[in-house]
Structures are given as structure tokens and as C-alpha cells.
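Okay, thanks for coming, everyone.

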Amino acid sequence: MRKLNHKIKNNFGYEFIYTPDHPNSNGKGFFAVHRLIVEGVIGRYLKKTEVVHHFDEIPGNNKKDNLVACENENYHRIIHQRLRAYKSCGHANWKKCYICKEYDAPSKIKTPAGRNRSGFHPECRKNFYRKRAKENGIDPEISKKMWSQDGRRPGFKNGVYYNRHSKKWIGIN
Ligand SMILES: [Zn+2]
Ligand SMILES: [Zn+2]
């Protein structure tokens, strides 16, 4: 039988503790140490949708002040996004242009609403359309209309579409 409080580490470096009485322990009786510690601090069980973030991004560092409780995965993702920005350019609130891959002030990066919210420099996207149009020998304005809002996926627009296999625009005279 396993001893209570026996700790193991998984392949990602997260620690688990043998605590079979915990309502959310796994089938083998283990529960994530970082979650257990946060639960001790806030005085209740964490919901399954709540996520614990490691401030220094070291999964094995489960000191209280290294743990941040996030209400859900979305919130957690934003923390990581801001961390990446801070590490890359020194500004947590700067956004990345998916075309040139550079970070820039939020006022310089356009972020379309909707499912795909990758930001871009308007100038980068204009160049992207021009280049795309040139490659395909078509009018840049028509090319722009054929691409979906995020500028990455070819879409059915105005009766034309891009065939990935033949690498041709279909429906253009
Ligand atoms: Zn995290
Ligand atoms: Zn750019």
C-alpha cells in the first residue's frame, strides 16, 4: 500500500501527492500538489474549470507565492500571452503581429473580432495581400476579397476560392 503524502513527479515536472481522500484525486489516489496548496490558501476545493498558474513557469515550484489561481483556462492563457510578450519585448501589453512576428504597442496592432483574433500591422497585411496577389497574377483588390478576415485562410468569397492542391484560384477568368 502507498504511504499517505507520498509524492511523485510526472513527465512535465508537476508534483502529485498520494491523498486518496481528496474528492478530486485521480483513480490511483493522487492529486496535484499545486492545486492542493491553493485550496489550503483559499479554504475550499478548486472547481475543475479553475486553473493554477506557476508564476515562474517552473511546474515543480509549488511555494505559495509562486502560485496564481485563475478562474478558467482563458484567463490562464492571457497570463501566458502577457508573459511571452514581456519576455520578448519588455512590455506585457504589447501584441504580436502574426505576419512579421514582431511585438508592437497595442495601438499599432489591429486585432479583428471573432474566432481568430491574431493581431497584425495593417501595413504587413496590406503587403501580404499584394504579395499573394502578385504570386497568383490577380488584382490585389480582388485577392483581398477572396481571403477570409484573418488573412490566412482562403475562403469562398465572391464565387472564387483557392484550391490548395492545384494551387490555383478557381472561378477567375
Ligand atoms: Zn501557467
Ligand atoms: Zn507586422
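Let's start at Ile8, which sits in strand E1; strands here are DSSP runs of E with at least two residues, helices are runs of H or I with at least four, and both are numbered from the N terminus. Before I go on: this is a predicted model, where local features need pLDDT of at least 70, side-chain atom pairs count only at pLDDT 80 or more, and totals for chains, interfaces and linings use all residues. Residues are numbered from 1 along each chain as its sequence is written, while chains are lettered from A and ligands numbered from 1 in the order in which they are written.

Leaving out residues up to four places away in sequence, Ile8 touches Phe16 and Phe30, where contact means backbone-placed C-beta atoms within 7 Å.

Zooming out, we have an open, antiparallel sheet of three strands, ordered E1-E2-E3; pairing needs at least two DSSP bridges between two strands. The edges are E1 (7–9) and E3 (30–32), each pairing on one side only. Three bridges tie E1 to E2, residues 15–18, and Lys7 has Ile17 as its bridge partner in E2.

Last stop, Leu36: skipping residues up to four places away in sequence, Leu36 touches Ile17 and Phe31.

Terms used:
Contact = placed C-beta atoms within 7 Å.
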